[in-house]
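Reader: Please take one part of this model and look at it closely. I would like the packing of a helix pair.

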Amino acid sequence: MKITENVRKKETSFHDWKERDLWTGEYEKDEEYVSYVKDILEHPVFKSMDHFIQHGHTTCKMHCIQVSYLSYKICKKHGWDFIAAARGGLLHDLFLYDWHTHARDTGNHFHGFTHPRTAMNNAILYFNINKKEQEIILRHMWPLTPTPPTTMAGMAIVFADKYCSLAEVGGRIRQWCTFNLKFRKVA
Ligand SMILES: [Fe+2]
Ligand SMILES: [Fe+2]
């Protein structure tokens with residue numbers, strides 16, 4: 001009985017953690033934000049990113065939404081181009097494969113360096129994006145890739161991408177610690 005309760009507690013804790021991870025869950029209620037990106041959010045190619053994990057438990061689709069909405073908020077606050085940030089953010093990792101197995105499957109060991117151009121080419125192929133949004137996607141991995149963005153919206157994406165990636169990996173570590181240090185000990 002006690003073990004069952006602990007398992008239930010563990011599952012509840014995991015569910016809560018997953019809910020907390022989506023700290024940008026407000027984006028769907030933000031009608032202005034949605035009006036700028038509706039065509040992307042509803043596109044099947046964008047939705048297909050839900051099949052690939054980016055970091056921890058976070059899918060590529062959710063990672064892109066989080067980066068997009070955070071950088072949109074930053075740009076709105078500072079008077080920068082928030083539409084380019086919202087759209088570029090959603091498409092910044094549109095590489096459309098599982099990067100965890102990509103090197104093994106293709107022999108390309110340089111995903112970190114090559115995926116911005118792959119994402120930009122896919123974004124041009126499937127979506128209506130302008131030159132500024134293309135550059136945001138192409139340069140989002142700076143300083144790993146040598147050329148920095150030339151716009152503040154691009155810099156906001158660089159920051160939001162690092163911040164969200166750390167939070168996603170950190171959340172995974174926190175969940176692992178919770179499981180191993182708390183529940184496994186009790187059970
Ligand atoms: Fe990326
Ligand atoms: Fe990213």
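Author: Start with helix 7 (residues 111-126) and helix 8 (residues 131-138), whose axes come within 8 Å and cross at roughly 150 degrees. This is a predicted model: local features need pLDDT of at least 70, side-chain atom pairs count only at pLDDT 80 or more, and totals for chains, interfaces and linings use all residues. Residues are numbered from 1 along each chain as its sequence is written, while chains are lettered from A and ligands numbered from 1 in the order in which they are written.

Helices here are DSSP runs (H or I, at least four residues), numbered from the N terminus. Axes are lines fitted to C-alpha atoms, for helices over the stretch in contact, and angles run from 0 to 180 degrees between N-to-C directions. Helix 7 and helix 8 are therefore roughly antiparallel (an angle over 145 degrees). Their crossing is right-handed (the near helix is turned clockwise from the far one by less than a right angle).

Now the residues. Helix 7 brings Pro116, Arg117, Ala119, Met120, Ala123 and Ile124. They meet Gln134, Ile137 and Leu138 of helix 8. Contact means C-beta atoms, placed from the backbone, within 7 Å. By type, the residues of this contact are seven nonpolar, one polar and one charged. Nonpolar covers Ala, Val, Leu, Ile, Met, Phe, Trp, Tyr, Cys and Pro; charged covers Asp, Glu, Lys and Arg; the others, Gly among them, are polar.

Notes. Helices (H or I, at least four residues) and strands (E, at least two) are DSSP runs, numbered from the N terminus. Angles under 35 degrees count as roughly parallel, over 145 as roughly antiparallel, 65 to 115 as roughly perpendicular and the rest as oblique. Two residues are in contact if their C-beta atoms, placed from the backbone, lie within 7 Å.
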